[in-house]
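Numbers get set against cut-offs, and then we see what follows.

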Amino acid sequence: MSETLSGAHILCRVLVDAGVDVLFGYPGGAIMPFYHALPEYPALRHILVRHEQAAAHAADGYARASGRVGVCVATSGPGATNLVTGLATAHMDSSPVVAITGQVSRAMIGRDAFQETDIIGITLPITKQSYLVQDAAELADVVLEAIAVAQHGRPGPVLIDVPKDVQNQKVGAQHAAPLRADAGAQHPAPLPAAPDDAVRRAADLIAAAQRPLLMVGHGVILANAYAEVRALAEQTGMPVITTLLGISAFPEGHPLHLGMPGMHGEVHVNRAIQRADLIVGIGLRFDDRVTGNLAAFAPRAQIVHVDLDGTEIGRNVPVAVGIIGDAKTVTAQLVAATATRQCDAWRTEIEAGRRLPDASFRGGMSPEAILAAIRDATDGACTIVSDVGQHQMWVAKLFPYRRPNTHITSGGLGTMGFAVPAAMGVHVARPGEPVWAISGDGGFQMNMAEMATMVQEGLTVKLAVFNNGYLGMVRQWQQFFHGKRYSSTPIWSPDYVKLAAAYGIPGYRVEDANDLADVVSRANAVPGPTLVEFVIEQEANVFPMIPPGGSLSEPIEAAV
Ligand SMILES: Cc1ncc(C[n+]2csc(CCOP(=O)(O)OP(=O)(O)O)c2C)c(N)n1
């Protein structure tokens, strides 16, 4: 008799064959056949998280840091629904995550079975594609196709829902290989080059502009287009603006680098946007946090928009030239089409408006000082994963990212609780490099249980908690726009040093800037996970700030 295999074994085999080597997950009833098979596949490292949300964020962090798919696994019902925030986060930030969920057996679907939930229905708007696998013979094709779909074109999450009886279903071993010749090759052809006439028109606009800007986003990181973007900037002298997700796509400290735009962008950056006569945007969405009031955004500028996803072009801002294509290919075409020029007068005009960062922090425990200590301890050669809130903006603006793709954050969804689990995924992708997860006291408390995962699975993540005793960013909005009514924003914290100790993790508290260098370098050097709590000024604000709905010309600045 010919060999048969269960769906669970086929799933494991095809994951191994596809080159997957790590899964972040949590078992339960409907996914038990898969977990039963898993120990027979040592090539698949399984990292047991403490909450499925963390599995999705860790897979997302792994994907962003490695450029490969990140895989997470959960059971049906509550396990699957716990993935939702992580999948929405990955969807908004174009991250290739594959989620495998157990489902109740086929005969039970639609009967309100125990732990049944329509996870495909729930995740439809936040996945690129989803599959309910009805036959184990289709599993190999589905998994390969899912991995291809997640990665190709504009990346994003894909969900595979596998009923328990399909995991147990025995089929011929030949089904462990794809049936369809094209499985896994959803978009096999490399993206074609952009049409020459569009590139030509963009190049003509660049040649004619007096005040051009190059704005780069996440697409540059996803396409690995660093060298091309740098070449375009240096060849044309266009100053470079990096969006929140574009940070580390262009070296900080480069003479052409201006900084971050938008709601918390520097005044000189937003002013440059408002005065520019041309904006060349590559791999960004022109979302509301970047543009402020759209009607008043970049009133003098023509816009060239390069994006892989044609639906983004013209969605938020009217464009003079739209080019659908991969950031690497199209930027290389632009480099070839543009002549060398410089923008010295324009750069001098922008530089005249640069301010020093706000240095008015009590006790010297400024975000700059903390981030400088992390930079010094790591030689700047670390990946920073930030959470969401005030600290996220400080981390975005004040750390000198000199290497590509070393700043990872939840930009589109703005998911508090992202940093700690995502940093676990980054560590798995870059095991030899320091990874710092920087959170506020609010966001840290959302997923701090993952310290147990780090200990059990031997994951080295350096945890930084910026403790201001508040849900700081919301408190800041309450201060500015809600008459200082601090409704439900003061937040109590446990003793983080003792908490870390309870997990067997070395913990440190820094209250005096004089201790920063010493403590941070120790925390960085000690093997394994460590936690540093930074006690910062309670009511510090992120400046400048464009009020919600305001134009980039109307920043609220720090009182001097
Ligand atoms: C899951 C989730 N819930 C709520 C919010 C809304 N929110 C945005 S920033 C913020 C405050 C964050 O506080 P904390 O983590 O202490 O960081 P800080 O702003 O103080 O640096 C909140 C509640 C969010 N972004 N994500």
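Q: What makes helix H1 mostly covered?
A: First, a caveat: this is a predicted model, so everything here is computed from predicted coordinates. In helix H1, which spans residues 7–17, eight of the 11 residues are buried. The buried ones are Gly7, Ala8, His9, Ile10, Leu11, Cys12, Val14 and Leu15. Just after H1, Gly19 has a positive phi of about 90 degrees.

Q: How do you know that strand E18 is mostly covered?
A: Six of its six residues, 462–467, are buried. Lys462, Ala464 and Phe466 point one way, Leu463, Val465 and Asn467 point the other way, and all are buried.

Q: What makes E17 and E18 a pair of strands?
A: The rule asks for at least two bridges, and five join E17 (residues 435–440) to E18. The two run parallel, and Ser439 has Val465 in E18 as its bridge partner.

Q: What makes E18 and E20 a pair?
A: Here six bridges join E18 to E20 (residues 530–535), again with the cut-off at least two. These strands run parallel, and the bridge partner of Ala464 is Val532 in E20.

Q: Why is the Tyr470 and Tyr486 pair called edge-to-face?
A: By the ring rule there are 10 aromatic pairs. For Tyr470 and Tyr486 the centres are 5.5 Å apart, and the cut-off is within 6.5 Å, so they pair. Their planes are 75 degrees apart; over 60 counts as edge-to-face, so that is the label. Tyr470 lies in the loop between E18 and helix H21 (472–481) and Tyr486 in the loop between H21 and helix H22 (496–502), so the pair ties together parts that are 16 residues apart in sequence. Both tyrosines are buried.

Q: Why are Phe480 and Phe481 called partly exposed?
A: Phe480 has a relative accessible area of 24% and Phe481 comes in at 30%. Buried stops under 20% and exposed starts over 50%, so both values land in between.

Q: How do you know that the charged end of Arg475 sits over the ring of Tyr470?
A: It is 5.5 Å from the ring centre, against a limit of within 6 Å.

Q: Which element gives the most to the shell around the ligand?
A: H19, with four residues. Helix H17 (390–398), helix H19 (441–447) and H21 are the elements giving two or more. Of the 17 residues around the ligand, Gln390, His391, Gly414, Gly443 and Gly472 come nearest.

Q: Why is Thr383 called buried?
A: Its relative accessible area is 0%, and buried means under 20%, so the label holds. Thr383 lies in strand E15, and a 2.8 Å polar contact joins its side chain to that of Arg430.

Q: What makes Asp112 and Asp379 stand out in phi?
A: Most residues other than glycine have a negative phi. Asp112 has a positive phi of about 55 degrees, and Asp379 has one near 60 degrees. Asp112 is in the loop between strand E5 and helix H6, while Asp379 is in the loop between helix H16 and E15.

Conventions. Residues are numbered from 1 along each chain as its sequence is written. This is a predicted model: local features need pLDDT of at least 70, side-chain atom pairs count only at pLDDT 80 or more; totals for chains, interfaces and linings use all residues. Side-chain values use heavy atoms; hydrogens and water are left out. Buried means under 20% relative accessible area, exposed over 50%, partly exposed in between (1.4 Å probe, protein chains only). Rings of Phe, Tyr and Trp (its six-membered ring) pair if their centres lie within 6.5 Å; planes under 30 degrees apart count as stacked, over 60 as edge-to-face and the rest as tilted. A charge sits over a ring if NZ of Lys or CZ of Arg is within 6 Å of the ring centre and within 35 degrees of the ring normal. A residue is near a molecule or strand if one of its heavy atoms lies within 4 Å of it. A polar contact is a pair of N or O atoms within 3.5 Å; within protein, one must be able to donate a hydrogen and the other to accept it, and residues adjacent in sequence count only if both atoms are side-chain atoms.
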